[in-house]
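Hi,

Here is the structure I promised to pass on.

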Amino acid sequence: MAGQREFRREALDGLTGRVVELGAGNGLNFEHYPTTVTEIIAVEPEPFLRERAIEAASGVSVPVRVVDGAADALPVEDSSCDAAVASLVLCTVPDQDAALTELRRVLRPEGELRFYEHVVSQRPRFARFQHVADATLWPFFAGGCHAARDTLRAIERAGFIVETCRRFDFRPTPMVAPATPRILGVARRA
Ligand SMILES: C[S@@+](CC[C@H](N)C(=O)[O-])C[C@H]1O[C@@H](n2cnc3c(N)ncnc32)[C@H](O)[C@@H]1O
């Protein structure tokens with residue numbers, strides 16, 4: 001099974017132009033952007049992570065602007081981005097629909113959303129386990145993360161057309177079992 005670095009690279013492969021990355025964290029994606037990207041606007045609300053992202057940005061060849069902001073009010077103009085990236089973040093934002101509406105707003109018509117997310121399982125027993133995790137300790141120990149979100153459905157509901165979506169399991173350690181089912185793909189602004 002490939003590691004997370006390979007998934008990040010796959011999610012970003014072929015991107016061009018101006019890109020907004022939602023909840024960039026400490027900037028683990030930055031080194032995987034292709035040089036055809038002309039600017040990355042990396043939105044990160046958490047000050048400690050934002051500082052780490054600024055450090056990561058200084059070591060990559062693609063220009064990265066790390067900015068404070070939150071998913072429900074992105075500090076980015078309407079229709080100004082060629083692509084948006086959501087990587088392991090739609091599990092954590094307080095309101096997925098609001099976040100996806102914002103991502104759609106800042107994308108140009110036919111701009112693309114690249115997603116790499118962990119999601120609710122298609123296997124009912126595992127999905128039940130994820131719902132129990134969400135109702136108990138998982139969000140507390142995983143920084144507000146939710147294991148049982150149907151993120152692909154939310155992407156479609158927000159007005160994106162899903163062009164590709166690869167489903168797979170990834171469990172680097174038993175501790176992150178609730179986050180095992182993953183999706184990786186491309187959706188286009190309708
Ligand atoms: C698991 S980390 C993923 C970080 C990064 N996207 C990655 O792929 O490594 C979740 C990220 O979501 C961010 N986040 C949480 N709530 C947010 C919000 N309302 N708006 C934007 N980002 C948010 C966190 O600060 C954190 O950086």
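One thing to start with: is R188 buried, exposed or partly exposed? R188 counts as partly exposed, as its relative accessibility is 25%. Keep in mind that this is a predicted model.

R188 has a partner, too: its side chain meets that of E163 in a salt bridge, at 2.8 Å from N to O. R188 sits in strand β7 (residues 181-189) and E163 in strand β6 (residues 160-169), so this pair ties together parts 25 residues apart in sequence. E163 is also partly exposed, with a relative accessible area of 43%.

That pair is one of 15 salt bridges in the structure. Another joins E39 to R18, with the closest N and O atoms 3.0 Å apart. Here the link is between distant parts of the chain, with E39 in strand β2 (residues 37-43) and R18 in strand β1 (residues 17-22), 21 residues apart. R18 is buried at a relative accessible area of 15%, whereas E39 is partly exposed at 21%.

The last one I'd point you to is D78 with R105, whose side chains form a salt bridge at 2.6 Å, N to O. D78 is in the loop between β3 (64-67) and β4 (81-87), and R105 is in helix α3 (residues 96-106), 27 residues apart. D78 is exposed, at 52% relative accessible area, while R105 is partly exposed at 25%.

Cheers

Notes. Residues are numbered from 1 along each chain as its sequence is written. This is a predicted model: local features need pLDDT of at least 70, side-chain atom pairs count only at pLDDT 80 or more; totals for chains, interfaces and linings use all residues. Side-chain values use heavy atoms; hydrogens and water are left out. A salt bridge is a side-chain nitrogen of Lys or Arg within 4 Å of a carboxyl oxygen of Asp or Glu. Helices (H or I, at least four residues) and strands (E, at least two) are DSSP runs, numbered from the N terminus. Buried means under 20% relative accessible area, exposed over 50%, partly exposed in between (1.4 Å probe, protein chains only).
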